[in-house]
Amino acid sequence: MNLLALAWHSLLNRRFTVVMTVVTIALSIALLVMVEQLRTEVREGFYRSVSGTDLIVGARTAPVQLLLYSVFGLGSPTNNVSWSSYRMVADHRSVAWTIPISLGDSHQGYRVTGTTDAFFEHFRYGDSQALGFREGRAFDDLYDVVVGYQVARKLGYAVGDRIAIAHGGGNVSLHEHDDHPFSISGVLAPTGTPVDQSLYISLAAYEAIHTGWRGGVHRPGSGLAPDEARQQREQLVPEAITATLVGLHTRAAVFGLQRELNDYAPEALTAIMPGITLQQLWRITGVAEQVLRIVAALVVITGLLGMLTVLMTTLNERRREMAILRANGARPWQIAALLVFEAGLITVAGIVLGVLIAVGSLVLAAPWVLDTFGLAVGPSLPEAWQLGVLGLIALAGLLVALVPATMAYRRTLTDGMQVRT
Amino acid sequence: MPADQLLELRDLRFAWRRDHADVIALDAFSLKAGERVFLYGPSGSGKSTLLALIAGLARPDRGGIRFAGTQLEALRGPARDRFRADHVGVIFQQFNLLPWLDVLGNVILPCRFSRLRAERAGSVQQSARQLLAAMDLDQAMWSRKAGDLSVGQQQRAAAARALIGAPELVLADEPTSALDSDRRDAFLGLLFEQVASAGATLLFVSHDTALADRFDRQVSLPEINLAGQAA
């Protein structure tokens with residue numbers, strides 16, 4: 001305790017250098033923690049988004065691509081699945097439910113998904129949680145639209161507001177379906193998944209607003225008026241959809257059905273298991289993650305070497321101080337321990353400050369991650385293994401301090417009561 | 001060794017490196033309990049080295065140092081350190097205090113390393129305050145950082161530190177060399193008073209012989225140090 005108090009006072013005396021050293025270590029720790037936390041949070045966010053889905057079926061494409069555009073709104077589909085193939089999947093004996101999705105339209109940069117009531121009934125996220133409504137209800141009228149939590153929050157929408165849907169994706173669209181105004185029937189409760197960033201209309205409505213469109217262009221004089229479309233609602237069945245999420249009666253059937261669908265002769269389909277495809281995605285991104293980790297580790301090492309430099313530089317200036325301590329009864333090991341304590345305090349302060357910076361940065365970065373990936377990430381306490389790594393860094397800080405500590409130990413033995421150079 | 005003898009050096013030989021000539025070659029030197037001894041000699045005559053040997057910071061290559069009944073040279077390094085912490089107070093020439101501690105913190109420093117001195121001091125804080133007051137250091141200075149004090153004030157605080165916990169021996173290594181003559185005399189007066197009050201022995205090292213008459217005994221190191229004579 002005495003030594004700690006002395007170390008503390010000594011550090012206070014050199015507060016500018018010490019603060020700079022602590023900040024250097026803190027920034028390196030912050031980078032390390034942020035890389036890990038963001039990686040973990042984003043991965044968990046992706047898993048949370050597809051927790052209840054056994055298979056995703058789309059047109060023949062790369063599995064990762066199908067997963068990204070069907071669930072996360074990243075990238076674009078290259079082809080569709082015919083309605084007959086979708087019905088084949090939906091009517092399969094192993095299948096408990098399906099959620100068909102049609103993509104291609106947007107509103108103010110947010111994705112519009114055509115789907116059915118099955119989406120609100122069967123979609124699961126997080127720990128098998130069902131979707132809930134913050135306000136309102138699912139589709140009733142043909143031109144009802146349900147908006148995700150973030151869409152409503154960002155655009156200030158509430159139930160009853162009327163909106164127009166744009167043809168195509170992106171913020172700016174030259175073609176609006178403004179002849180088919182939609183009314184917001186419900187706002188979904190927050191999920192922390194891409195659901196929050198989407199708008200949902202019925203497949204019939206999706207078909208209604210696209211009747212008379214060909215090649216992405218509305219042909220004048222064709223199409224359905226809204227009231228006309230309402231009357232023909234039961235007949236508004238799409239020719240094709242983008243993909244379908246599939247839930248099975250029993251998970252044991254998933255491999256068989258996947259193989260069956262991938263081998264489906266009448267139409268080239270791709271059926272993927274979301275969890276396994278995510279693993280493939282992590283393998284692709286894993287190299288970049290490893291590089292980031294190595295960079296972060298190198299930055300931490302640089303921070304510790306910076307501390308070593310500071311301790312070594314001040315060692316000469318402090319020989320008189322050590323001689324005074326020795327003359328007043330301090331043992332050489334206590335002088336050495338003083339330096340190790342100082343390094344320990346600097347390292348621990350750097351680690352604590354670094355974690356706080358990381359947490360603060362994650363809070364600041366959360367909106368960007370939400371906007372970009374639709375994933376709600378937030379600060380969380382480091383996991384046990386991350387705490388272990390931080391503990392090892394603290395230990396490394398102490399080991400680094402052994403170099404100046406050993407030098408101080410030797411010098412105090414030779415200096416005695418006066419500094420010998 | 002007579003009962004009133006605190007320190008006795010016999011046949012002492014010491015070199016900082018094995019292949020170097022002896023810095024100290026003393027046949028005999030002793031201090032009585034309560035004695036105030038003035039040890040003088042020019043720079044480089046081995047004064048500080050002798051103090052390091054007496055304080056147990058260095059171990060003689062040959063000979064013996066008997067201090068209050070303990071053979072110092074027989075003790076291992078850590079035991080000598082503990083012995084020094086318990087029985088010796090030190091005043092340096094300058095840069096005496098840790099600049100990052102306040103004056104009180106500096107004075108109680110030896111009690112951080114010696115339980116015996118802390119016990120002897122009783123209330124360490126109280127004892128430090130009494131010593132600082134006795135050394136005529138204004139109370140307003142006690143909580144100041146040592147680096148903010150003048151050299152004279154620092155020397156008085158250093159004397160208080162050397163005396164806290166009543167060590168048997170106070171070693172003063174040219175503590176007045178940075179003071180003008182008025183301040184030097186005042187400092188010596190205060191130091192003598194407190195050394196007497198603590199019942200300590202004072203070994204005062206200096207090259208300034210003008211101070212010598214104020215001590216009980218004067219010893220010329222070049223005269224007793226055979227190594228110095230050889231050089």
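Author: Let us begin with contacts. Two residues are in contact if their C-beta atoms, placed from the backbone, lie within 7 Å. This is a predicted model, in which local features need pLDDT of at least 70 and side-chain atom pairs count only at pLDDT 80 or more, while totals for chains, interfaces and linings use all residues. Residues are numbered from 1 along each chain as its sequence is written, and chains are lettered from A and ligands numbered from 1 in the order in which they are written.

Reader: Leaving aside neighbours within four places in sequence, with which residues is Leu171(B) in contact?

Author: Its partners are Leu51(B), Ile54(B), Ala55(B), Val88(B), Val90(B) and Leu203(B).

Reader: How many residues of chain B are in contact with chain A?

Author: On chain B there are 22, and they meet 17 residues of chain A. Ala, Val, Leu, Ile, Met, Phe, Trp, Tyr, Cys and Pro count as nonpolar, Asp, Glu, Lys and Arg as charged, and the others, Gly among them, as polar. By that division, the side of chain B that touches chain A has 16 nonpolar, two polar and four charged residues.

Reader: How should I read a sheet?

Author: Strands of a sheet pair through backbone hydrogen bonds, either parallel or antiparallel. Strands (E, at least two residues) and helices (H or I, at least four) are DSSP runs, numbered from the N terminus, and two strands pair if DSSP finds at least two bridges between them. In chain B, four strands make an open, antiparallel sheet in the order β2-β1-β4-β5. Because β2 (24-32) and β5 (70-71) of chain B each have a single partner strand, they stand at the edges, and one side of each lacks a neighbour in the sheet. Strand β4 (residues 62-67) of chain B pairs with β5(B) over two bridges, and Phe67(B) stands opposite Thr70(B).

Reader: Is Arg87(A) buried or partly exposed?

Author: A residue is buried if 20 or more other C-beta atoms lie within 10 Å of its own, exposed if 12 or fewer, and partly exposed in between; C-beta atoms are placed from the backbone. Arg87(A), in helix α4 (residues 83-90) of chain A, has 13 such atoms within 10 Å and is therefore partly exposed.

Reader: Why is helix α11 (residues 319-327) of chain A described as largely enclosed by the rest of the structure?

Author: The reason is that seven of its nine residues are buried, including Met322(A), Ile324(A) and Arg326(A). Just after α11(A), Gly329(A) adopts a positive phi of about 110 degrees.
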